[in-house]
Amino acid sequence: MNKTLSEIQAELKVWTIYNFGKQESIIPIMGMIEELGELTHAHLKEFQGIRKSDFLADKKDAIADITIYLLNYFNCIDKDISLIEEVINAPHEGDTSNNIILNISHKLGKLSENEMYNKSLIIDTNYCSYIL
């Protein structure tokens, strides 16, 4: 049976406190940044075709570690990771589809301005502040 992120977060909290004590939120933030560097490194070396490695395994490892640090960050701020789902699924002003689609494609030039507004809603920082 698969566990929810909230269940994993609760287990991680017990493990982290036992092994490291209570942490400040900056600790998992620094961990996420370091792991993002490892993910970037794996992509870069694969793209460049140098330093033979199991790039897929390297990427999976970095993504798993980023997830663990993110869950730990939410533990540090005493919030449940499920708040992310609540924010994403909550109705937002001007959002008739009730879904948020990031506007990355628009920023990369893959969607025109009209296509972007027809297909997506730019995430307002106010939605993210709801979590914190």
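Let me start with one residue. Lys59 sits in helix H3. Helices here are DSSP runs of H or I with at least four residues, strands are runs of E with at least two, and both are numbered from the N terminus. Before going on, the ground rules. This is a predicted model, where local features need pLDDT of at least 70, side-chain atom pairs count only at pLDDT 80 or more, and totals for chains, interfaces and linings use all residues. Residues are numbered from 1 along each chain as its sequence is written, and side-chain values use heavy atoms, with hydrogens and water left out.

Back to Lys59. Is Lys59 buried or exposed? Lys59 counts as buried, at 15% relative accessibility. The cut-offs: buried is under 20% relative accessible area, exposed is over 50%, and partly exposed is in between, with a 1.4 Å probe and protein chains only. What does Lys59 touch? Leaving out residues up to four places away in sequence, Lys59 touches Leu39, Ala42, His43 and Glu46. A contact means heavy atoms within 4.5 Å. There is also a C-alpha pair to note. Lys59 and Glu38 are 21 residues apart along the chain, and their C-alpha atoms are separated by 7.8 Å.

The side chains of Glu46 and Lys59 form a salt bridge, at 2.4 Å from N to O. Our criterion is a side-chain nitrogen of Lys or Arg within 4 Å of a carboxyl oxygen of Asp or Glu. Glu46 is in helix H2 and Lys59 is in helix H3, so this pair ties together parts 13 residues apart in sequence. Glu46 is partly exposed, with a relative accessible area of 37%.

Next, the other bridges. How many salt bridges does the structure hold? It holds 3. Glu11 pairs with Lys3, and their closest N and O atoms are 2.7 Å apart. Glu11 is partly exposed at 44% relative accessible area. Lys3 is partly exposed too, at 46%.

Then there is Asp78 with Lys13. In this salt bridge the closest N and O atoms are 3.9 Å apart. Asp78 lies in the loop between H3 and helix H4 (82-89), and Lys13 lies in helix H1, so the pair ties together parts 65 residues apart in sequence. Asp78 is exposed, with a relative accessible area of 55%. Lys13 is partly exposed at 34%.

Stay with Asp78 for its backbone. Asp78 has a positive phi of about 55°, although it is not a glycine. Where is Arg51 found? Arg51 is in the loop between H2 and H3. Arg51 also has a positive phi of about 55°, and it is not a glycine either. At 54% relative accessibility, Arg51 counts as exposed.

Now helix packing. Two packed helices are described by the angle between their axes and the distance between the axes. Helix H1 (residues 5-20) packs with helix H3 (residues 55-76) at an angle of about 75°, and the axes are 9 Å apart. The axes are lines fitted to C-alpha atoms, for helices over the stretch in contact, and angles run from 0 to 180 degrees between N-to-C directions. H1 and H3 are therefore roughly perpendicular to each other. On this scale, under 35 degrees is roughly parallel, over 145 is roughly antiparallel, 65 to 115 is roughly perpendicular, and the rest is oblique. Who makes the H1 and H3 contact? From H1 it is Leu5, Ile8, Gln9, Leu12, Lys13 and Thr16, and from H3 it is Thr67, Ile68, Leu71, Asn72, Phe74 and Asn75.

Ile26, Ile27, Ile29, Met30 and Ile33 make a nonpolar surface patch of about 430 Å². Patch residues have over 30% relative accessible area and no salt bridge, with like charges joined within 9 Å and nonpolar side chains (Val, Leu, Ile, Met, Phe, Trp, Tyr) within 5 Å. Areas come from the Shrake-Rupley method with a 1.4 Å probe, and for residues only the protein chains shown count as cover. Ile33 belongs to helix H2 (residues 26-48). Ile33 is exposed, with a relative accessible area of 57%.

Last, the whole protein. It has 7 helices and 0 strands. Along the sequence, the pattern reads α-α-α-α-α-α-α. Buried residues are 24% of the 132 residues. The accessible surface is about 9,600 Å², and 59% of that belongs to carbon and sulfur atoms. Among contacts between residues at least 6 apart in sequence, 60% join residues at least 24 apart.
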